[in-house]
Amino acid sequence: CPGVALATNDALILHPAIGGVRRIPLAHIVLKHETPGAGPYAWWGLRMFHLECPEEPRLVLGVADPAPWRPLFPPRPAANGQASP
């Protein structure tokens, strides 16, 4: 569902267009992968963070400037203990 996301020091707060506000601790969120936008318009033109957390299994966050968001979401560890790309 489209909405707005805000980050605090310890949580990602989701304000969806439909439904109630969700607060997810940043400690629960890992980055599955990051992708470029899929087109030039609106949400589809944004940089996409594909995230994983127990509270929201298919969370995708689209941002115009990914730099300030990258430190918030650590990459998911690979099987060998290294961060996945």
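View 1. C53 counts as buried because its relative accessibility is 6%, where buried means under 20% relative accessible area, exposed over 50%, and partly exposed in between (1.4 Å probe, protein chains only). This is a predicted model, in which local features need pLDDT of at least 70 and side-chain atom pairs count only at pLDDT 80 or more, while totals for chains, interfaces and linings use all residues. Residues are numbered from 1 along each chain as its sequence is written, and side-chain values use heavy atoms, with hydrogens and water left out. C53 sits in the loop between strand 5 and strand 6. Setting aside neighbours within four places in sequence, C53 contacts I24, H28 and I29; contact means heavy atoms within 4.5 Å. L72 is 19 residues from C53 along the chain, and their C-alpha atoms are separated by 13 Å.

**View 2. The whole chain, for orientation.** The protein chain has 0 helices and 6 strands. Its pattern along the sequence is β-β-β-β-β-β. Helices (H or I, at least four residues) and strands (E, at least two) are DSSP runs, numbered from the N terminus. The C-alpha atoms fill a box of roughly 40 × 30 × 20 Å, taken along the principal axes. Of the 85 residues, 26% count as buried. Among contacts with a separation of 6 or more, 27% join residues 24 or more positions apart.

**View 3. The largest nonpolar core.** This core holds 15 residues, and L12, I29, F49, L51, L61, W69 and F73 touch the most other members. Strand 2 (11-16), strand 5 (47-52) and strand 6 (59-63) each supply at least two of its residues. Strand 6 gives the largest share, 3 residues. A nonpolar core is a set of buried Ala, Val, Leu, Ile, Met, Phe, Trp, Tyr and Cys residues joined through side-chain atoms within 4.5 Å.

**View 4. The surroundings of W69.** W69 touches A5, A7, L12, F49, L61 and V63, not counting residues up to four places away in sequence.

View 5. L26 lies in the loop between strand 3 (22-25) and strand 4 (30-35). L26 counts as buried because its relative accessibility is 12%. Beyond residues up to four places away in sequence, L26 touches T8, N9, D10, A11, L12, L72 and F73. I13 is 13 residues from L26 along the chain, with 9.6 Å between their C-alpha atoms.

**View 6. A17, an exposed loop residue.** A17 is placed in the loop between strand 2 and strand 3. A17 counts as exposed because its relative accessibility is 61%. Leaving out residues up to four places away in sequence, A17 touches C1, P2 and G3. The C-alpha atoms of A17 and P2 are separated by 5.8 Å, and the two residues are 15 apart along the chain.

**View 7. D65, a partly exposed residue.** D65 lies in the segment after strand 6. D65 counts as partly exposed because its relative accessibility is 44%. D65 and A5 are 60 residues apart in sequence, and 14 Å apart in space, C-alpha to C-alpha.
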